[in-house]
Amino acid sequence: MSSRPMRNILVTGACGQIGSELTMALRERYGNEHVVAAGHRTPPPDDVRDSGPFVYLDVTDRQALEEVVEQFQIDTIFHLAAVLSAVGEQKPDVAWRVNMNGLYNVLEVARTRSLTRVFCPSSMAVFGPSTPKENTPQETILSPTTMYGITKVAGELLGNYYVQKFGVDVRGLRYPGIISHKTPPGGGTTDYAVAIFYDAVKYRRYTCFVREDTVLPMMYMPDAVRAAIELMEADFRRLTRHADYNITAMSFSAGELAREIQKHIPDFVCEFQPDFRQAIADSWPRSIDDSVARTDWGWRPAYDLPAMTVDMLNALQTRYQQGQL
Ligand code: AKB
């Protein structure tokens, strides 16, 4: 596997929760003109649209993907475009088409054009009800019960296959729930851990769609962005895994999150009314063992629950006072 540098980067899903912040971090690091942001339906955030090249791209359209890669001389793809778990249960056909065909197109373009590297995020959704729930190991049972999880398991296997069979440098990690204040998440099960902050700041009240005792692994966005960049910049020879690194930062219940917010907003009230997403949350781990990522490429999260909560509330309160929420 070559250690060629990443020069011209394409970010798919660049208008999404992770993609929008990853795009800006990559532009700061590699230069605005070297990072092409690709969105599909969601309107682009102003900074993503205005600070560098922006294109509309449907990742299931192989021809269109080829054209963007050709036009901008792309050598590296961060493939963030995906349908998440909750929407995936409502539209399993769309989740399969976007997640599988989109990834296949990206990997085929990487193979046929000898791209330097591909980042394909996976998710803790690869785990299922029969997986050990506490400190879920790197190597364990992958029997998800959601269409999203099924596409993520298949995606990991496909990514690993492209490494072994074709020598494509594919890298990926299993994100836990991601909490952030810039671009709202769309269609995930862990979205409650973001929505609770917006509603706490705006209304002092939130109705949570999972039970109070639901514990899930989570991560704050600065850590999630750094993890992607650090994994992609790691020396290939140090990697013992390819498309499927476990990573995590913190685990807490929905009730603990509400109480952490109440430390700063004492009159905040949170109610719990579980819906169909409870079953998805119940099928996932409560905590994750990310020791392999720590050993192989030095992964360390910076934010725990109290630090993340302070930062989220500061950012959202500022935006609220400026009339931006
Ligand atoms: C979701 O909830 O679907 C995502 C994920 C855990 O991958 N945030």
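Which residues does the domain assignment of the chain give to domain 1 and which to domain 2? Please then describe how domain 1 and domain 2 touch.

A: This is a predicted model, in which local features need pLDDT of at least 70 and side-chain atom pairs count only at pLDDT 80 or more, whereas totals for chains, interfaces and linings use all residues. Residues are numbered from 1 along each chain as its sequence is written, and side-chain values use heavy atoms, with hydrogens and water left out.

Domain 1 comprises 9-176 + 220-246, and domain 2 comprises 178-218 + 250-287 + 302-321; these bounds come from an automatic or database domain assignment. The C-alpha centres of domain 1 and domain 2 are 24 Å apart. To the contact (heavy atoms within 4.5 Å), domain 1 contributes 35 residues and domain 2 contributes 32 residues.

Between them, domain 1 and domain 2 bury about 2700 Å², with 59% of this area coming from carbon and sulfur atoms. Buried area is the accessible area (1.4 Å probe) that two parts lose on being put together, summed over both. On the side of domain 1, Q17, M124 and Y220 account for 32% of the area buried against domain 2, more than any other three residues.

Polar interactions also cross this interface. There are 20 residue pairs in polar contact between domain 1 and domain 2, both residues being at pLDDT 80 or more; a polar contact is a pair of N or O atoms within 3.5 Å, where within protein one must be able to donate a hydrogen and the other to accept it, and residues adjacent in sequence count only if both atoms are side-chain atoms. Helices α1 (17-30), α2 (46-50), α4 (85-90) and α8 (221-233) each provide at least two residues of the side of domain 1 that touches domain 2, helices being DSSP runs (H or I, at least four residues) numbered from the N terminus. The interface also holds 2 salt bridges, each a side-chain nitrogen of Lys or Arg within 4 Å of a carboxyl oxygen of Asp or Glu.

The ligand has among its surrounding residues S85, M124, T189 and T190, a residue being near when one of its heavy atoms lies within 4 Å. A polar side-chain atom of S85 is 2.5 Å from a ligand oxygen atom, and a backbone N or O atom of T189 is 2.7 Å from an oxygen atom of the ligand. For T190, a polar side-chain atom lies 2.9 Å from a ligand nitrogen atom.
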